[in-house]
Amino acid sequence: MAVQRTFSIIKPDATKRNLTGAINARIEAAGLRIVAQKRIHLTPAQVGVFYEVHKERPFYGELCEFMASEPVVVQVLEGEDAIAKYRGVMGATDPAEADAGTIRAEFAESKGENSVHGSDAPETAAVEIAYFFSGLELVG
Ligand code: CMP
């Protein structure tokens with residue numbers, strides 16, 4: 001498998017509890033390199049564009065409000081098979097279903113407030129990275 005990049009968000013429930021360092025330690029221990037990172041406070045409208053694919057879902061409004069409630073840390077992670085690897089490190093969307101030892105099993109509070117986001121495919125990773133970072137900000 002080739003070296004890939006994936007997009008990550010450390011979500012408000014995690015930044016609020018000062019878990020950025022603990023989550024980054026797990027990312028780096030898994031062999032993923034943080035090649036871009038910034039802390040930002042999104043507006044609900046900016047979140048709405050990012051999660052547009054979910055706009056018909058019943059939780060969309062709640063998701064936009066939550067993601068704009070506190071700062072987030074957005075990141076680009078690089079490594080062998082980075083997309084699947086990070087999804088493994090994160091665990092299932094619902095922390096009740098996440099494998100022991102994953103970020104969500106350890107830290108997530110609920111299906112909505114689940115500490116981290118990671119891209120699900122190369123095409124979405126490219127779109128998500130471009131939404132938050134310019135090429136100059138990616139430092140491999
Ligand atoms: P994420 O991987 O960021 O992608 C979409 C997000 O929607 C997901 O993580 C959850 O935070 C959120 N989500 C998914 N299902 C639900 C749900 N049933 N209720 C509330 N939020 C949800």
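Let's start with Ser115, which counts as buried at 0% relative accessibility; buried here means under 20% relative accessible area, exposed means over 50%, and partly exposed is what falls in between, with a 1.4 Å probe and protein chains only. Before I go on, a word on the model: it is predicted, so to speak of a local feature I need pLDDT of at least 70, side-chain atom pairs count only at pLDDT 80 or more, and totals for chains, interfaces and linings use all residues. Residues are numbered from 1 along each chain as its sequence is written, and side-chain values use heavy atoms, with hydrogens and water left out.

Back to Ser115. You'll find this residue in the loop between α6 (103-107) and β4 (116-118). Helices are DSSP runs of H or I with at least four residues, strands are runs of E with at least two, and both are numbered from the N terminus. Ser115 is not a glycine, and still its phi is positive, about 70°. Most residues other than glycine have a negative phi.

Where is the other residue of this kind that I'd like to show you, Asn18? Look in the loop between α1 (12-16) and α2 (20-29). Asn18 is not a glycine either, and has a positive phi of about 60°. Is Asn18 buried or exposed? Exposed, with a relative accessible area of 71%.

Let's stay with the loop between α6 and β4, where Asn114 is also found. Asn114 counts as buried, at 2% relative accessibility. And what does its side chain touch? The side chain of Asn114 makes a polar contact with the side chain of Lys11 at 2.7 Å, and reaches the backbone oxygen of Thr93 at 3.3 Å. By polar contact I mean a pair of N or O atoms within 3.5 Å; within protein, one must be able to donate a hydrogen and the other to accept it, and residues adjacent in sequence count only if both atoms are side-chain atoms.

Glu113 lies in that loop too. Glu113 is partly exposed, at 29% relative accessibility.

Now please turn to the ligand. Which residues are around the ligand? Lys11, Tyr51, His54, Phe59, Glu62, Leu63, Arg104, Lys111, Gly112, Asn114 and His117, where a residue qualifies if one of its heavy atoms lies within 4 Å of the molecule. For Arg104, the side-chain N or O atom is 3.4 Å from a ligand oxygen. Lys111 uses its backbone instead: an N or O atom there lies 3.3 Å from an oxygen atom of the ligand. Taken alone, the ligand exposes 460 Å², and the protein buries 81% of that; these areas come from the Shrake-Rupley method with a 1.4 Å probe, and for residues only the protein chains shown count as cover.

Next, the largest pocket. Its volume is about 810 Å³. A pocket, on a 1 Å grid over the protein atoms alone, is an open set of points where a 1.4 Å probe fits, with protein on both sides within 12 Å along at least five of seven lines, and lining residues have an atom within 4 Å of a point. Grid points are joined across faces, edges and corners, and the volume is the space filled by probe spheres set on the points.

How many residues line the largest pocket? There are 28, and Lys11, Tyr51, His54, Leu63 and His117 lie nearest its centre. The lining divides into ten nonpolar, eight polar and ten charged residues. Here Ala, Val, Leu, Ile, Met, Phe, Trp, Tyr, Cys and Pro count as nonpolar, Asp, Glu, Lys and Arg as charged, and the others, Gly among them, as polar. At least two lining residues each come from α3 (44-50), α4 (60-67), α5 (82-90), β4 and α7 (122-132). The largest share, four residues, is from α7.

While we're at α7, Ile129 sits in that helix and is buried, at 10% relative accessibility.

Last stop: Ala96, in the loop between α5 and α6. Ala96 is exposed, with a relative accessible area of 72%. The C-alpha atoms of Ala96 and Lys111 are 8.2 Å apart, with the two residues 15 apart along the chain.
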